[in-house]
Amino acid sequence: MVRGFLNDRLNADVSRRRFIQGAAGLATISVLGASAGASAAETPKLGGQLNFLGWDGEHGGNVAKPFLEKNGIQLQASFQSAADEALTRFNTGGRGAMDLLTPNKDFQRAILASNVELFQPLDLARIPTAAGLFPAFKDAPWLVRDGKTYGIPIIWGDEPCVFNPAKWDKMPARYTDFADPKYKGQLVLLDDPFGNIWLYAVSLGMKEPSRLTAAELEQVIEAMLKMKPNVVTIGASHGDMADVLIRGDASIGIGGWAYQTLIAKEKGVKLVVGSPEVDGTFFWSDAYAIAADAPNLDNAYAFIDFMTSTQSNAALAKELGSGCTVEAAYDLLDPSVRDLYPYDNVRKPGGGILGTQIVVPPQENDGDIVGAPAWVEAWQTFKAS
């Protein structure tokens, strides 16, 4: 079972979404004339209830409003606080009462790979707007099993370093370089065991950075401890990290979020993004999926089709400060949001770099490979040291 192994990693994600809900100055794009229809062979019967369980904001409270009102659909939205919450609810009486879900790519990949029942394969003929996805998302490997597609990507992004350009021209070549004493009192990290350990495993040249032996994990923590004297604090969320950077208590956030630069700008503080040139960073994406035995299929398909339209996708990306997944939506974004993300990565088929990166470790030990509990324990050791 996959229960529990992504909590810490994805708690960082929910923090990002909650942070943006409270951020000032968020504008929305008016969604006018976007298609609300489906091209199913049978005419869909819209109206009534639609049950949503996913990340806060991805229900499109503002974006979907005209579609919901026009079609007489009452969206019942619940928000998850951990990646596996949908699976927990599904297995504890929720089956048959859940419609829309928004899994993170690594969680959905794990579910599909383990043959755990949660999602149902999608009839893409009922989501014609999905044809407009960037090439990387049309055949994303984390969404496909046995030739069937189980999700439609809605937003994506990365977690670069965010830093004060008045203090630093650029980031060092590798994450391990942050051990240099010149960074003392300058670093803030996100409380994210999987992301941080994965980045340092990459920096140390581990062949499979998400599949470490006990000895390799110990080597990673030893390298991180050399950097620890330079850390001011470990933020519980991306919002906490932004506050630390805006106050000037630290000048570099590792595993940050590009949207932090816009929030800082609104407060008169200039921050920029960059990542170690050799090591790079990692990427995430969330998708709309339909639960097995969903009771309101017509509403669910029509909702996904509407939200994947060009205008809706652009509006949602802007509202959540994230990358759009529909190619034509790119042209509708303000450059201040559009330029936050490296879109060349999603113009390549097969998932691009999002498809090749697996950040989370196996849930349990796999031979010599240690599982997620060992990573979490190692992270706790790092924090306590």
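Leu212 is buried, with a relative accessible area of 0%; buried here means under 20% relative accessible area, exposed over 50% and partly exposed in between, with a 1.4 Å probe and protein chains only. Welcome to a predicted model, in which local features need pLDDT of at least 70 and side-chain atom pairs count only at pLDDT 80 or more, while totals for chains, interfaces and linings use all residues. Residues are numbered from 1 along each chain as its sequence is written, and side-chain values use heavy atoms, with hydrogens and water left out.

**Overview**

- The protein has 14 helices and 13 strands, taken as DSSP runs numbered from the N terminus (helices: H or I, at least four residues; strands: E, at least two).
- Of the 385 residues, 57% are buried.
- Among contacts (heavy atoms within 4.5 Å) with a separation of 6 or more, 79% join residues 24 or more positions apart.

**Around Leu212**

- Leu212 sits in the loop between α6 (193-203) and α7 (214-227).
- Not counting residues up to four places away in sequence, Leu212 touches Ile197, Ala201, Met206, Leu217, Val220, Asp368, Ile369, Val370 and Trp375.
- One of these, Asp368, is 156 residues from Leu212 in sequence, yet their C-alpha atoms are 8.1 Å apart in space.

- Leaving aside neighbours within four places in sequence, Tyr343 contacts Phe134, Trp156, Ser322, Gly323, Cys324, Tyr330, Leu333 and Arg338.

**The five-stranded sheet**

- An open sheet of 5 strands runs in the order β9-β8-β10-β7-β11, with mixed pairing; two strands pair if DSSP finds at least two bridges between them.
- β9 (231-235) and β11 (272-274) are the edge strands, each with a single partner, so one side of each has no neighbour in the sheet.
- On average, neighbouring strands are turned by 25° against each other, direction ignored.
- β7 (residues 161-163) and β10 (residues 252-254) pair in the antiparallel sense over 2 bridges, and Ile252 in β10 is the bridge partner of Phe163.
- Helix α8 (residues 238-247) packs on the sheet, touching β7, β8 (187-190), β9 and β10, and its direction makes about 170° with that of β8; axes are lines fitted to C-alpha atoms, for helices over the stretch in contact, and angles run from 0 to 180 degrees between N-to-C directions.

**Aromatic pairs**

- Rings of Phe, Tyr and Trp (its six-membered ring) pair if their centres lie within 6.5 Å, with planes under 30 degrees apart counted as stacked, over 60 as edge-to-face and the rest as tilted; by this rule there are 17 aromatic pairs.
- Tyr175 and Phe178 have ring centres 6.3 Å apart and planes at 50°, so this pair is tilted; both residues are buried.
- Trp379 and Phe382 form a stacked pair, at 5.2 Å centre to centre and 25° between the planes; both are buried.
- Trp379 and Phe382 lie 3 residues apart in helix α14 (residues 372-384), a separation of about one helical turn.
- Phe134, Trp156, Phe283, Tyr330, Tyr341 and Tyr343 form one aromatic cluster.
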